[in-house]
Structure formats: structure tokens, C-alpha cells
Amino acid sequence: MSSCDEESIESTTELPSIDDCLKVRKWWCFLLSSIFTFLAGLLVVLLWRAFAFICCRKEPELGPNDPKQKEQKASRGKQEFEGTFMTEAKDWAGELISGQTTTGRILVSYFLFSLYLMTYA
């Protein structure tokens, strides 16, 4: 083998150093990926709202003397307030943090153990 061939083999197997990689900044790649992620999330939300608007229309308003409206008001008064998803989630989270259930006790003990490890480890 000639010395020229050996040099070409050695130069192809060398990996670039970290300094060489840091010389070229690709900020535009980060910026474009951030913009794309934002627009994709916005598109998902808009599509969801459009779907909900098309499929879940409200019933028309009834007049004040309409018998159907009186029936609806009577049935609403009998129903209890069920709450929204957020109130249900807050109640569930409160039960977990309080440690009154087995799952809550495990969660609280894990949290305290992780604090202990961070403090003394």
C-alpha cells in the first residue's frame, strides 16, 4: 500500500471533535421546529373546536311560556351539580395528596423518600 492510501483511510475514520461541531450553529433548525410544533398544536386545537362546533350544537332557545322549557327547568332542579372535568381532577388530586387512600399513601411516601434522597445523597 502506498502512503497516500494510508492517509486517506486514516482521514476517513477520524471523527470530528466537539469543537468542530460547535463551530456551526444551527439556531434556525431549533426555531423552525419550535414554530412547527406551535402551529401543529394550534391546528389540532382548531380542528377539535371545529369538530365540536359542527357535531355538538345546542338546542334552540325556547320561549318563556313554552311547556317544554318548564319541564326542563323542573328536571334541572332535581339534578345535582356534577361539576366539570377540572373540579373532578382537583378533587381526585386532593384525595391523593392527603394520603387517605392506599394510592395516596404510596405517593406521599415516595415523595418524602425522594426528598430524603435529594437532601442526604
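Analyst: Helices (H or I, at least four residues) and strands (E, at least two) are DSSP runs, numbered from the N terminus. The structure is a predicted model, in which local features need pLDDT of at least 70 and side-chain atom pairs count only at pLDDT 80 or more, while totals for chains, interfaces and linings use all residues. Residues are numbered from 1 along each chain as its sequence is written, and side-chain values use heavy atoms, without hydrogens and water.

User: What percentage of the residues in the protein chain is buried?

Analyst: A residue is buried under 20% relative accessible area, exposed over 50% and partly exposed in between (1.4 Å probe, protein chains only). The protein chain holds 121 residues, and the buried share of them is 3%.

User: How far apart are the end C-alpha atoms of residues 27-48?

Analyst: An unreviewed UniProt entry places the feature "transmembrane region" at residues 27-48; such annotations may be inferred rather than shown by experiment. In the model, this stretch is 100% helix and 0% strand, and its end C-alpha atoms are separated by 32 Å.

User: Which helix holds Ile35, and what is the relative accessible area of this residue?

Analyst: The residue Ile35 belongs to helix 3. Ile35 is classed as partly exposed, because its relative accessible area is 41%.

User: How many aromatic pairs are found, and how is the pair of Trp48 and Phe51 classed?

Analyst: Rings of Phe, Tyr and Trp (its six-membered ring) pair if their centres lie within 6.5 Å, with planes under 30 degrees apart counting as stacked, over 60 as edge-to-face and the rest as tilted. The search of the whole structure gives two aromatic pairs. In the pair of Trp48 and Phe51, the ring centres are 6.5 Å apart and the planes meet at 45°, so the class is tilted.

User: What is the distance between the ring centres of Tyr116 and Tyr120?

Analyst: Tyr116 and Tyr120 are four residues apart in helix 6 (residues 102-120), and are therefore separated by about one helical turn. Tyr116, at 48% relative accessibility, is partly exposed, whereas Tyr120, at 63%, is exposed. The ring planes of Tyr116 and Tyr120 lie at 50°, so the pair is tilted, with a centre distance of 5.1 Å.

User: How many disulfides are found, and which cysteine sulfur is nearest to Cys56?

Analyst: With a disulfide taken as a pair of cysteine sulfur atoms within 2.5 Å, the search of the whole structure finds zero. Cys56 is exposed because its relative accessible area is 56%. Cys56 is in no disulfide, and at 5.9 Å the nearest cysteine sulfur is that of Cys55.

User: How far apart are the C-alpha atoms of Gly94 and Gly104?

Analyst: Gly94 is placed in helix 5 (residues 85-98). At 37% relative accessibility, Gly94 is therefore partly exposed. Gly94 and Gly104 are 10 residues apart along the chain, and the separation of their C-alpha atoms is 9.2 Å.
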